[in-house]
Amino acid sequence: MKEHVVFIIVSILGLWGFYPLQSQTSSLNKESFFSPDSIYYPGVWWWWLRCPTTKEAITLDLEEMKAKKIHSVQLLDFGTGGGKKRMPEYLELASPEWNELVRHSILECKRLGLEFGVCIATSGCAAPWVKPEDSQQKLVYSMVKIQGGKSVKMEMPYSADVKMNAEGMPVYYQDISLLAVPDNEKISKSEVIDISDYMTDKGFVNWNVPAGNWKIFRFGFTPTFRAMNEFKYLDHLRTDIFDEYYQKYIGRLLSSMPVEERSAVKYIVSDSWEAGIAGWNLKFTKEFVKRRGYDPIPYLPVFANEIIESQDVSQRFMNDYKQTVSDLIAEHYHYQQEVAHKNGLLTMCEASGPHQKQSDALLCQKYSDVPMGEFWARSKTHRTSLKQRFLTKEAVSAGHIYGKNIISAESFTSVGPQWEEDPYFLKPTADRAFCEGINKLYFHTYPHSPSLTAKPGFVYYAGTYINRNTTWWNYSLDWNTYLARNQYILQQGTPVVDVCIYYGTGIEKRIQYKQDSVLMNPGYQYDYVNSDVILNQMSVQDGKICLPNGISYELLVLPEESRISIEVLEKIREMVYAGATVVGPRPVCSIGLYKSTEIDYQIKSITNLLWGEVDKPVIDRTVGNGKIIYGKNIDQILSEKKIEPDLKIENKDSNFSLDFIHRRKMESDIYYLANLKEEMGCATLSFRTSGKVPYIWNPVDGTVIEQRVYVDNGERIHIPCSFDPYGSYFIVFEEKENVKPSIVSVTGPDGSRSCFFKQGGNYQLTYSNGGSKNITIASTRYLTINTSWNVSFSTEMGGPESVEFKNLISWPESENSGIKYYSGTASYQNTFMIEDEVDGAKVFLDLGELYNVAEIVLNGHNLGTCWLKPFQKEVSGYVKQGRNEIEIKVTNLWPNRLIGDQFLPEAERYTQTNISKYTREDTLRPSGLLGPVRLMIVPDRGEF
């Protein structure tokens, strides 16, 4: 019987709730969570600027990464980007000088125990040496109308899209064919005449034209000339030119190094596709015939909006053309992987976007050993919506369906903000990415500044700058460890997903943000699947659609499309008869042109068998051991299958918003929960598990707390949860023997059951075994530090060596220009007295308002950083009765100093960079410690 319970609120900080209890968990390791191995720490995109640098600067970068536990380094040398002025000096890619610097980087990574990767493809394979004939090509055509019944001699013009050189000749162009068609509204295939033999190499045509009015089309291909800076894109529809590209980029260098020397090199990396449209090449006709079974040449006028045979036939040809392009792009990634494996390397590819719309992105990611998506930092200037910022769903789905446990992301990309982000600002973006299914972050970007002294140094125009020149870099370890703890847990076990959605061909489709789907309750999770996985991976067991890696789905959802491949439909029939539930409309016909009449008949026979011979608004048919359903929403179908949402949010605060992801390892259920709002939030969370004990694993401080307050009704476990602003944590459900009765309700001093230990007084606890207990809770004591602070600034950044702050203020409010425009770290020092005994109490330091990161040293003990709201740190065991000494090192961001330097002659400025964003008119950012600073002393409350 389900019981309605008004739940209590438990603070994750432990200020008002239970103290951490020692828990023995079988499937997850607490020590590994508290101190993750370096492999779980984030990696970086190490962005070089196409300019000379030194081995000293390289070593300094890598040693700084090692000190902050950065484990994986991916080299990208693509310049300053964004149309920005390049650095004054230029270093040619793959030159002997460049190779020696890269070799030094590899050796240093080996010495330091870092992984090394090389990005050989900025937004698609591209390099300065790519020749026009090897670059990305597009199909072009020109057209001339003529009257027939006579001999015609003329020069056939090139397409206006063909780029000419100074002599008036194409830079590069190849003819495909010269076709003549009647000037009619509809044309039969037999009326298309290939007159290529009547045109000379120079484009002169001599042909006896049949009677009637005709259109002559000259079809050819020519480079798109799409480039990123001076980088020209390689033809991605050919694999024969990739070997030389790889060898020149990095292959020859690696081959010149003994295997042991290059042991740190692990990955070949590809950035996201921004190469534009891939259209045709010398081998395309042959590839089309091999894959589609017929000659495409007579159908080329369809590209000029001519109708060949019928609209349906013309559309089928275009479908076949697009499918061929899609296949060849996927083959590019496959061949790239083969080359990498042949050389002892793995691939990490952003093969699914954001601008890749010509191919099956899931199939492309199949050939990435580590699928990679991307997500962007919050910004008011570029990619401002969540849908635009999170380009991860396809990479995550590919990782799930192809059994790739690590799913990475280019992380915190941005265009506009520069040195304006701190860890707390970045945290909710990382948390959303984790909930999307990403479990390995690569910071975009760690700019390699060739200077050892310039601050904030020389950088790429885009990305969130996280490097040795970032103001808070020296205080970033706790932030990196937070990410590592999340990534350690999220790389355990397998995802729990209820629904798989068939992507069709995957061409011209991009749904890259999980919450962009409105097909179902957000309490369910879903993956996209493609034809390859349906045909080669899926089986049915006990009514579930299963993959070899252990993931299973309750439903397969078909797209709202009329066309389907016969192979996929036959597999769907097989799975339905085996017990699968398939949801979606009746397919009507095949996709392509080859044997379409015969295949369409087969499709009709199968769909009549599955959907029935008569279409109805609602279809719910049992076929074999499975079902075909149409006209019902997914929530209803899952409910009828008695599959409730994996997570339900109940009794929530009015503005509360939560995202989650669920994994399972052995018998443990692992839920990651993230508050999406910058405010405290409370709710009762209902989880689709039972018979297990919940533990809270807090990635901020690495603690594991047994959650004693919950109700298990035999079907679900209900837990009252409280979240800090943008707060996040794991709830792990473990099987355990000799389980203590859980607390199912609490009655407070005022008779209320809506809060837990929010104030001192008498409480009554009610347990799951029917027992109860009365306890008395002493009130929390507060001690505010009101005395003056001695504050020291760095004179190298224009600050005063020492100054007294009688009151805590934001630095821009100071009349001292060295403080007003200061960027960097300032040390606040003070003493305070504690009159009473504090042994056995929990003591927390609350810094109040703070910009942006603080490190705390109490009585000589470094207690780490406060980098997220509410800027509180437990100091139990370090604070003492009597006199205490405290130092708080507070670090702000670069903009204030960059703004202040605009008032100084260039020779007197404290900063040096290639970025010229900030002006005298820009608003100064709040900075420093504003407080109030106080201690919160929580009396010992024991165990319950």
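## Charges over rings

Lys163 lies over the face of Phe225, 4.6 Å from the ring centre. Arg378 is placed over the face of Phe425, at 4.0 Å from the ring centre. A charge counts as sitting over a ring if NZ of Lys or CZ of Arg is within 6 Å of the ring centre and within 35 degrees of the ring normal.

This is a predicted model, in which local features need pLDDT of at least 70 and side-chain atom pairs count only at pLDDT 80 or more, while totals for chains, interfaces and linings use all residues. Residues are numbered from 1 along each chain as its sequence is written, and side-chain values use heavy atoms, with hydrogens and water left out.

## Aromatic pairs

The whole structure holds 57 aromatic pairs. Rings of Phe, Tyr and Trp (its six-membered ring) pair if their centres lie within 6.5 Å; planes under 30 degrees apart count as stacked, over 60 as edge-to-face and the rest as tilted. Trp46 and Trp48 make an edge-to-face pair, with 5.3 Å from centre to centre and 85° between the planes. Both Trp46 and Trp48 are buried; buried means under 20% relative accessible area, exposed over 50%, and partly exposed in between (1.4 Å probe, protein chains only).

Tyr671 and Phe687 are also paired: their ring centres are 4.8 Å apart and their planes are at 70°, so the pair is edge-to-face. This pair links distant parts of the chain, with Tyr671 in strand E32 (residues 668–675) and Phe687 in strand E33 (residues 681–687), 16 residues apart. Tyr671 has 0% relative accessibility and therefore counts as buried. Phe687 is buried too, with a relative accessible area of 0%. Elsewhere, one aromatic cluster is formed by Trp280, Phe284, Phe288, Tyr294, Tyr299, Phe303, Phe317 and Tyr321.

## Helix H14

Helices (H or I, at least four residues) and strands (E, at least two) are DSSP runs, numbered from the N terminus. Helix H14 has 16 residues (596–611), which at 1.5 Å a residue should span 22 Å; its end C-alpha atoms are 21 Å apart, in agreement. The expected span is 1.5 Å times one less than the number of residues.

The buried residues of H14 are Ser596, Ile599, Ile603, Ile606, Thr607, Leu610 and Trp611. They cover an arc of only 110° around the axis, which puts them on the same side of H14; the arc is that of the directions from the helix axis to the C-beta atoms. Their cover includes helix H6 (311–342), helix H13 (566–578), strand E28 (619–623) and strand E29 (626–630). The face turned away from the buried side carries the exposed residues Thr597, Tyr601 and Lys604. After H14 comes Gly612, with a positive phi near 90°.

## A buried glycine

Gly81 is in the loop between strand E2 (72–77) and helix H3 (96–112). Its relative accessibility is 4%, so Gly81 counts as buried. Apart from neighbours within four places in sequence, Gly81 is in contact (heavy atoms within 4.5 Å) with Asn229, Tyr460 and Tyr461.

Strands of a sheet pair through backbone hydrogen bonds, either parallel or antiparallel. Here 4 strands form an open sheet in the order E5-E10-E7-E8, with antiparallel pairing. The edge strands, E5 (137–147) and E8 (193–194), each pair on one side only. Two strands pair if DSSP finds at least two bridges between them.

Strand E7 (residues 174–182) and strand E10 (residues 213–223) pair in the antiparallel sense over 8 bridges. Pro182 has Trp214 in E10 as its bridge partner.
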